[in-house]
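Please keep the structure open while reading.

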Amino acid sequence: MVDSVFVMPGTVAAPRTGTLRDLHNRYETVREALTLIDKAARELGLPDISTRLIEDAAGERPYSPEVHYLEIFAVSLATYHLLVAEGVEPVAIVGQSIGELWALAVAGHVSVGDAARLAVARSRALTRQAWPGTMLAVGVDGRRAESLAGLIGHPHLVLACENTPRQSVLSGPRQQIDEAERVAEALGWPSVRLDVPHPTHTPAVAQAARDLRASAPRVSYGGGRWRVSSPWLGRDIGDEDPVELVAGALTAQVRMLHTVRALHAAGADTFIECGEWPVVTRFVEASVPGVQAVVPLSEHDPVAAVRALVASRTDTAPPPVRTPAPLRVPVSPPPVAPAPPVPAPDVVAPPPVARTTPVVPAAPSVLTPPTPVTPASPVTVDPPQPAPAADRRYATVLAEIRALYGDYLGYPPELLGDDDALESDLGVESLKQVALLGRVADRYGLPDLRANTSLLTIGTLRRIAQAVVQAQAEATAR
């Protein structure tokens, strides 16, 4: 599959408990990689990273920015080993912000242990500087976002990331971001504040970059197996020093849009996200219409999904079947980790309401009613089509909820996708989600809906609408 690009996410939502259990059991390479990350974490005074990811561990998640980053690294690395073990080989690997470090590791340019140590050194340098800035995602192209920053006129307020033709990110001091948010609202541009642990991609964090260069452990750089394309360098990574690469990226602008389009123009037609959520692949789909974007860990059976993807590239095999993953609820809810919106730049729970179809966080596929079986159909029988009345009720509720959320968030309703994750895609912080779910519960007279915290953790408009229709049906049946 020489036309595939692996994409590594930056700072996204914390992985779910037990998310790597199956891959850990299946693949020796995954076990070895997680062992290396755990070893590096222990040497740095951090807890084992793999425990929560391979077990349904009870108890509160030990949270720190460093643990958060290494968990994302572990998931990216495990997904990479799944893909390679099943015969998927990339033409290039791309990382979003800190995800570029994961790309260097999986490509073989730096060791897993060195990448983990460098990620922690980066996090600690940013924490020491403690720059009180923030980031703002704006629903316009990079040129307009840059003009907005220029209008405010502060040297530390800059265009940080150009993710898609209609989504850019500003980084800057809080006061100037407040001003930019007000101007964007006056212009009718949708915007949302990003709640990230370390705002970056601005000259304001130059002190942290200098600190990192001085304090980070030296990292050996070897000949990698795969090409790594850098969205901030604007070219493939050559024989650069890894510490310098990570430090330089802290103050640099990230142009994911241009990197994705350049790779597509060179022949790449499949982009595979090495993470749980469709984050970077959302950038890809918005930048190159019609491209194939795949997120194996968001599928019900990631291994089967990858095998189907491989099989689809042969003349005799059927196309891959995308099946939504069932929700896995942690025994004890971990704290909500900060995550980017619309998707982000660099960046649990009582049992959910019962439903008849499994769901997946920020599911990339659209849940459409299955086609009814005709007498001439083959032996395989699709599930029965929902009753038209139920379909109409669901469509009505979904439209009402979209309008409610759009009005509250200040977004045109048509910009809110049915499967956009409220936290990782739209950047709706937890308190706002609680308030919005309360409004939904009040609107439909469903007080028990407030207790469905899975709708807060990995909520989408589709899931919330499904929960409302299901709860109303159950109430009617009683």
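Predicted model: local features only at pLDDT ≥ 70, side-chain atom pairs only at ≥ 80, totals over all residues.

Helix α2 covers residues 28-43 and helix α4 covers residues 65-85; their axes come within 9 Å and cross at roughly 160 degrees. Angles over 145 degrees count as roughly antiparallel, so α2 is roughly antiparallel to α4.

The side of α2 that takes part in this contact is made up of T29, V30, A33, L34, I37 and A41. These residues meet L70, F73, A74, L77, A78 and H81 in α4. Sorted by residue class, the contact of α2 with α4 has 10 nonpolar residues, 2 polar ones and no charged ones.

Next comes the sheet. Four strands form an open sheet in the order β4-β5-β3-β6, and their pairing is antiparallel. The edges are β4 (158-164) and β6 (191-194), each of which pairs on one side only. On average, neighbouring strands of this sheet are turned by 25 degrees against each other, with direction ignored.

Strand β3, residues 133-138, pairs with β6 in the antiparallel sense over 4 bridges. Within that pairing, A137 stands opposite V192 in β6.

Notes. Residues numbered from 1 in each chain as written. Heavy atoms only, no water. Axes fitted to C-alpha atoms, helices over the stretch in contact; angles between N-to-C directions. Helix = DSSP H or I, 4+ residues; strand = E, 2+ residues; numbered from the N terminus. Parallel < 35°, antiparallel > 145°, perpendicular 65-115°, else oblique. Contact = heavy atoms within 4.5 Å. Nonpolar A, V, L, I, M, F, W, Y, C, P; charged D, E, K, R; others polar. Pairing = 2+ DSSP bridges.
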